[in-house]
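User: I would like to go through this model with you, beginning with the backbone and then moving to the ligand.

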Amino acid sequence: MILHGYWRSSASYRTRIALQVKGIDYEYAPVHLVKDGGEQKTAAYRQLNPAGLVPTLVDGDFRLNQSLAIIEYLESVQPEPALIPKDPKQAAIVRMLALDMAADLQPITNLRVLQYLTGTLEVSDSERLDWIHHWVKVTFAAFEQRLHAYAGRCCVGDTVSLADICLVPQVYNAQRFGVDLSSFPKVLAINDHLQGLPAFVAARPEAQPDADS
Ligand SMILES: N[C@@H](CCC(=O)N[C@@H](CS)C(=O)NCC(=O)O)C(=O)O
């Protein structure tokens, strides 16, 4: 398999964690999101993803975009270790938590949204930062409440799931933008636990070949 991604992309980070948890060997093909206006916007990359977003997974002649679809595909082709519980209610809870991060938070703090704010709407850099801090705090406040109901060492009990895979990259992003997460102790404790696991260590942005580029 080939994963087209970017070291600091949270959606790419999710898929890297899933590949690592499942122990699937893959080749990493960096797509620089900033250099020369962004390689994701080139005609060559749009052949892989017309939306001009990373990640893309290539498995033989099969191409797939959308990190959650990619992770569900990996789950189907290699079911163990499972990232989505078999129990219907537990599975739905895992997906709910994953979507809090992947559907409600990440899209509104994505690069192209931030670029539109500052470029087209001429929002200042400090207002852009306020935007990020605001939406991270709103989303994490609700997420922290949910964790009280479901969490153990991981988001749902003590087993790594899709919810954890979606949480860690958003914590990384929040910290990168200097958001104070001290009001979310469960989020921080779970993030600390996960960051110590080998699959999460290997998937870290700084461990990627394109880090710091
Ligand atoms: N829902 C998509 C989101 C993909 C996405 O937003 N990727 C970002 C990086 S995390 C991207 O490629 N941004 C490039 C841009 O905004 O131009 C997924 O989960 O794969």
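User: Where does Asp36 lie?
Analyst: Asp36 is in the loop between strand 2 (27-30) and helix 2. Please note that this is a predicted model.

User: What is phi of Asp36?
Analyst: Phi is near 50 degrees, a positive value in a residue other than glycine. Most residues other than glycine have a negative phi.

User: Which residues does the cis peptide bond with omega of about 10 degrees join?
Analyst: That cis bond joins Val54 and Pro55. Pro55 belongs to the loop between helix 2 (43-46) and strand 3 (56-59). Another cis peptide bond runs from Glu80 to Pro81, with omega near -10 degrees, and Pro81 is in the loop between helix 3 (67-77) and helix 4 (88-105).

User: On to the ligand. Which residues come nearest?
Analyst: Of the 15 residues around the ligand, the nearest are Gln40, Val54, Gln66, Ser67 and Arg112.

User: What does Val54 place by the ligand, backbone or side chain?
Analyst: A backbone N or O atom of Val54 is 2.8 Å from a ligand nitrogen atom. Ser67 uses a side-chain N or O atom, 2.6 Å from an oxygen atom of the ligand. For the side chain of Gln106, an N or O atom lies 3.0 Å from a ligand oxygen atom.

User: How much of the ligand is buried?
Analyst: The protein buries 92% of the 510 Å² that the ligand exposes when taken alone.

User: Finally, at what angle do helix 5 and helix 6 pack?
Analyst: Helix 5 (residues 111-119) and helix 6 (residues 125-150) pack at about 145 degrees, with their axes 9 Å apart. Their crossing is right-handed.

Notes. Residues numbered from 1 in each chain as written. Predicted model: local features only at pLDDT ≥ 70, side-chain atom pairs only at ≥ 80, totals over all residues. Heavy atoms only, no water. Axes fitted to C-alpha atoms, helices over the stretch in contact; angles between N-to-C directions. Helix = DSSP H or I, 4+ residues; strand = E, 2+ residues; numbered from the N terminus. Left-handed = near helix turned anticlockwise from the far one by under 90°. Near = heavy atom within 4 Å. Polar contact = N/O pair within 3.5 Å; in protein donor to acceptor, adjacent residues only side chain to side chain. Areas by Shrake-Rupley, 256 points an atom, 1.4 Å probe, with all protein chains shown as cover.
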